[in-house]
Amino acid sequence: MAQNKFVKFSVIIFVIGSLILLFGKGKWFPDFYNPQFMGIIGLISAILIVLPSLIFTPSTSSWQAPKQKALNLLQNVLVISLLLSAAGALGLFQLYKVGFEYDKILHFIIPSLFIIVITYFNYHWYGISFRKSLIIALILVTISGFLWELFELFGDKNFGTQMLGYYGEFVSEDTFWDLIMNTLGSIVGVIIAIMKIK
(Lines give C-alpha, C1' and ligand atoms only; values in the text may rest on other atoms or scores of the structure.)
Protein backbone atom coordinates (compact mmCIF):
# COMPACT_ATOMS: atom_id res chain seq x y z
CA MET A 1 0.00 0.00 0.00
CA ALA A 2 1.30 3.45 -0.87
CA GLN A 3 2.01 5.51 2.19
CA ASN A 4 0.05 8.74 2.59
CA LYS A 5 1.69 12.12 2.14
CA PHE A 6 1.73 12.83 5.88
CA VAL A 7 3.71 9.66 6.53
CA LYS A 8 6.14 10.31 3.67
CA PHE A 9 6.71 13.92 4.73
CA SER A 10 7.31 12.87 8.34
CA VAL A 11 9.88 10.27 7.32
CA ILE A 12 11.74 12.92 5.29
CA ILE A 13 11.67 15.34 8.24
CA PHE A 14 13.07 12.72 10.62
CA VAL A 15 15.83 11.69 8.21
CA ILE A 16 16.90 15.27 7.45
CA GLY A 17 16.78 16.23 11.12
CA SER A 18 18.80 13.16 12.07
CA LEU A 19 21.50 13.90 9.49
CA ILE A 20 21.81 17.47 10.78
CA LEU A 21 22.15 16.21 14.34
CA LEU A 22 24.65 13.50 13.44
CA PHE A 23 26.88 15.54 11.16
CA GLY A 24 26.32 19.11 12.35
CA LYS A 25 28.81 21.01 14.47
CA GLY A 26 28.39 20.88 18.24
CA LYS A 27 28.17 24.67 18.52
CA TRP A 28 24.98 24.63 16.44
CA PHE A 29 22.99 23.03 19.26
CA PRO A 30 21.93 24.06 22.79
CA ASP A 31 23.86 22.65 25.74
CA PHE A 32 21.08 20.24 26.72
CA TYR A 33 21.18 18.51 23.30
CA ASN A 34 22.86 15.14 22.82
CA PRO A 35 23.14 15.35 19.01
CA GLN A 36 24.52 11.85 18.36
CA PHE A 37 21.92 10.10 20.49
CA MET A 38 19.08 12.27 19.16
CA GLY A 39 20.22 11.66 15.58
CA ILE A 40 20.22 7.89 16.04
CA ILE A 41 16.77 7.99 17.66
CA GLY A 42 15.53 10.12 14.76
CA LEU A 43 16.63 7.52 12.22
CA ILE A 44 15.05 4.75 14.29
CA SER A 45 11.85 6.81 14.37
CA ALA A 46 11.83 7.03 10.57
CA ILE A 47 12.16 3.25 10.37
CA LEU A 48 9.36 2.75 12.91
CA ILE A 49 7.04 4.95 10.86
CA VAL A 50 7.56 2.88 7.70
CA LEU A 51 7.55 -0.50 9.47
CA PRO A 52 3.76 -1.04 9.78
CA SER A 53 3.24 -0.76 6.02
CA LEU A 54 5.99 -3.33 5.48
CA ILE A 55 4.71 -5.77 8.09
CA PHE A 56 1.00 -5.53 7.42
CA THR A 57 0.17 -6.27 3.80
CA PRO A 58 -3.10 -7.45 2.22
CA SER A 59 -3.56 -11.22 2.07
CA THR A 60 -5.40 -10.94 -1.25
CA SER A 61 -5.15 -8.72 -4.31
CA SER A 62 -8.14 -6.70 -3.17
CA TRP A 63 -7.52 -4.36 -0.24
CA GLN A 64 -10.36 -4.14 2.21
CA ALA A 65 -11.27 -0.54 3.10
CA PRO A 66 -11.59 -1.09 6.89
CA LYS A 67 -8.14 -2.65 7.03
CA GLN A 68 -6.63 0.16 5.01
CA LYS A 69 -8.19 2.72 7.35
CA ALA A 70 -6.93 0.80 10.40
CA LEU A 71 -3.37 0.74 9.04
CA ASN A 72 -3.50 4.43 8.11
CA LEU A 73 -4.69 5.33 11.60
CA LEU A 74 -1.95 3.24 13.19
CA GLN A 75 0.76 4.94 11.14
CA ASN A 76 -0.69 8.41 11.65
CA VAL A 77 -0.86 8.03 15.43
CA LEU A 78 2.69 6.64 15.43
CA VAL A 79 3.87 9.66 13.44
CA ILE A 80 2.03 12.14 15.68
CA SER A 81 3.45 10.53 18.82
CA LEU A 82 7.01 10.54 17.48
CA LEU A 83 6.74 14.14 16.27
CA LEU A 84 5.40 15.29 19.65
CA SER A 85 8.22 13.44 21.43
CA ALA A 86 10.81 14.87 19.02
CA ALA A 87 9.49 18.39 19.61
CA GLY A 88 9.94 17.80 23.33
CA ALA A 89 13.50 16.57 22.92
CA LEU A 90 14.32 19.57 20.72
CA GLY A 91 13.31 22.01 23.43
CA LEU A 92 9.67 21.88 24.52
CA PHE A 93 10.53 19.72 27.55
CA GLN A 94 12.37 22.81 28.82
CA LEU A 95 9.00 24.50 29.33
CA TYR A 96 8.82 22.89 32.77
CA LYS A 97 11.02 25.80 33.87
CA VAL A 98 8.08 28.17 33.34
CA GLY A 99 5.52 25.78 34.81
CA PHE A 100 4.28 24.10 31.61
CA GLU A 101 4.62 20.31 31.97
CA TYR A 102 4.92 19.33 28.29
CA ASP A 103 6.29 15.94 29.34
CA LYS A 104 3.22 15.15 31.44
CA ILE A 105 0.89 16.17 28.62
CA LEU A 106 2.60 13.65 26.32
CA HIS A 107 2.34 10.95 28.98
CA PHE A 108 -1.41 11.58 28.93
CA ILE A 109 -2.07 12.06 25.21
CA ILE A 110 0.08 9.28 23.72
CA PRO A 111 -1.31 6.36 25.79
CA SER A 112 -4.83 7.62 25.12
CA LEU A 113 -4.25 7.71 21.36
CA PHE A 114 -2.63 4.27 21.27
CA ILE A 115 -5.41 2.66 23.33
CA ILE A 116 -7.89 3.87 20.72
CA VAL A 117 -5.87 3.04 17.60
CA ILE A 118 -4.64 -0.38 18.75
CA THR A 119 -8.17 -1.36 19.72
CA TYR A 120 -9.44 -0.18 16.34
CA PHE A 121 -6.63 -1.95 14.51
CA ASN A 122 -7.10 -5.31 16.24
CA TYR A 123 -10.87 -5.09 15.80
CA HIS A 124 -10.76 -4.39 12.06
CA TRP A 125 -7.51 -6.07 10.98
CA TYR A 126 -7.69 -9.32 12.88
CA GLY A 127 -11.44 -9.44 13.50
CA ILE A 128 -10.87 -9.82 17.25
CA SER A 129 -13.85 -8.96 19.44
CA PHE A 130 -14.01 -5.42 20.73
CA ARG A 131 -13.52 -6.51 24.33
CA LYS A 132 -10.39 -8.56 23.57
CA SER A 133 -9.04 -5.82 21.30
CA LEU A 134 -9.42 -3.31 24.11
CA ILE A 135 -7.76 -5.58 26.67
CA ILE A 136 -4.82 -6.23 24.32
CA ALA A 137 -4.43 -2.50 23.71
CA LEU A 138 -4.50 -1.77 27.44
CA ILE A 139 -1.86 -4.43 28.17
CA LEU A 140 0.44 -3.25 25.34
CA VAL A 141 0.17 0.42 26.30
CA THR A 142 0.77 -0.31 30.00
CA ILE A 143 3.86 -2.41 29.25
CA SER A 144 5.13 0.25 26.83
CA GLY A 145 4.82 2.90 29.55
CA PHE A 146 7.14 0.95 31.85
CA LEU A 147 9.51 0.12 28.97
CA TRP A 148 9.77 3.83 28.15
CA GLU A 149 10.98 4.57 31.67
CA LEU A 150 13.59 1.81 31.27
CA PHE A 151 14.61 3.31 27.92
CA GLU A 152 15.17 6.65 29.63
CA LEU A 153 17.29 4.94 32.26
CA PHE A 154 19.27 3.15 29.53
CA GLY A 155 19.89 6.42 27.69
CA ASP A 156 21.00 8.21 30.85
CA LYS A 157 23.38 5.42 31.88
CA ASN A 158 24.91 4.65 28.48
CA PHE A 159 24.69 7.85 26.44
CA GLY A 160 24.82 10.56 29.07
CA THR A 161 21.31 11.82 28.35
CA GLN A 162 19.14 13.38 31.04
CA MET A 163 15.75 11.92 30.19
CA LEU A 164 14.84 10.70 33.66
CA GLY A 165 13.33 13.34 35.91
CA TYR A 166 13.80 17.01 35.12
CA TYR A 167 17.08 16.68 33.26
CA GLY A 168 18.50 14.36 35.90
CA GLU A 169 16.79 15.87 38.95
CA PHE A 170 13.70 14.73 40.92
CA VAL A 171 13.84 11.34 39.17
CA SER A 172 11.55 9.38 41.50
CA GLU A 173 8.89 12.09 41.65
CA ASP A 174 8.91 12.61 37.89
CA THR A 175 8.74 8.87 37.12
CA PHE A 176 5.82 8.46 39.53
CA TRP A 177 3.83 11.22 37.85
CA ASP A 178 4.74 9.95 34.38
CA LEU A 179 3.16 6.60 35.26
CA ILE A 180 0.13 8.32 36.80
CA MET A 181 -0.43 10.35 33.63
CA ASN A 182 0.03 7.19 31.53
CA THR A 183 -2.73 5.57 33.58
CA LEU A 184 -5.09 8.54 33.31
CA GLY A 185 -4.47 8.75 29.56
CA SER A 186 -5.18 5.04 29.21
CA ILE A 187 -8.46 5.39 31.11
CA VAL A 188 -9.57 8.22 28.83
CA GLY A 189 -8.53 6.14 25.80
CA VAL A 190 -10.62 3.20 27.04
CA ILE A 191 -13.66 5.46 27.51
CA ILE A 192 -13.30 6.98 24.04
CA ALA A 193 -12.79 3.53 22.47
CA ILE A 194 -15.97 2.25 24.13
CA MET A 195 -17.94 5.28 22.97
CA LYS A 196 -16.61 5.54 19.40
CA ILE A 197 -15.43 2.09 18.26
CA LYS A 198 -17.90 -0.25 19.93
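A: Helix H4 is followed by Gly-127, whose phi is positive, near 70°; helices here are DSSP runs (H or I, at least four residues), numbered from the N terminus. This is a predicted model, where local features need pLDDT of at least 70, side-chain atom pairs count only at pLDDT 80 or more, and totals for chains, interfaces and linings use all residues. Residues are numbered from 1 along each chain as its sequence is written, and side-chain values use heavy atoms, with hydrogens and water left out.

Q: What makes Phe-29 and Tyr-33 a stacked pair?
A: Rings of Phe, Tyr and Trp (its six-membered ring) pair if their centres lie within 6.5 Å; planes under 30 degrees apart are stacked, over 60 edge-to-face, the rest tilted. Here the centres are 5.9 Å apart and the planes at 20°, so the pair is stacked.

Q: Why is the pair of Phe-56 and Trp-125 called edge-to-face?
A: The centres are 5.4 Å apart, with 70° between the planes. Phe-56 lies in the loop between H2 and H3 and Trp-125 in H4, so the pair ties together parts 69 residues apart in sequence.

Q: Why does Trp-125 count as buried?
A: Buried means under 20% relative accessible area (exposed is over 50%, partly exposed in between; 1.4 Å probe, protein chains only). Trp-125 has 11%, so Trp-125 counts as buried. Phe-56, at 17%, counts as buried too.

How values were computed
Helix = DSSP H or I, 4+ residues; strand = E, 2+ residues; numbered from the N terminus.
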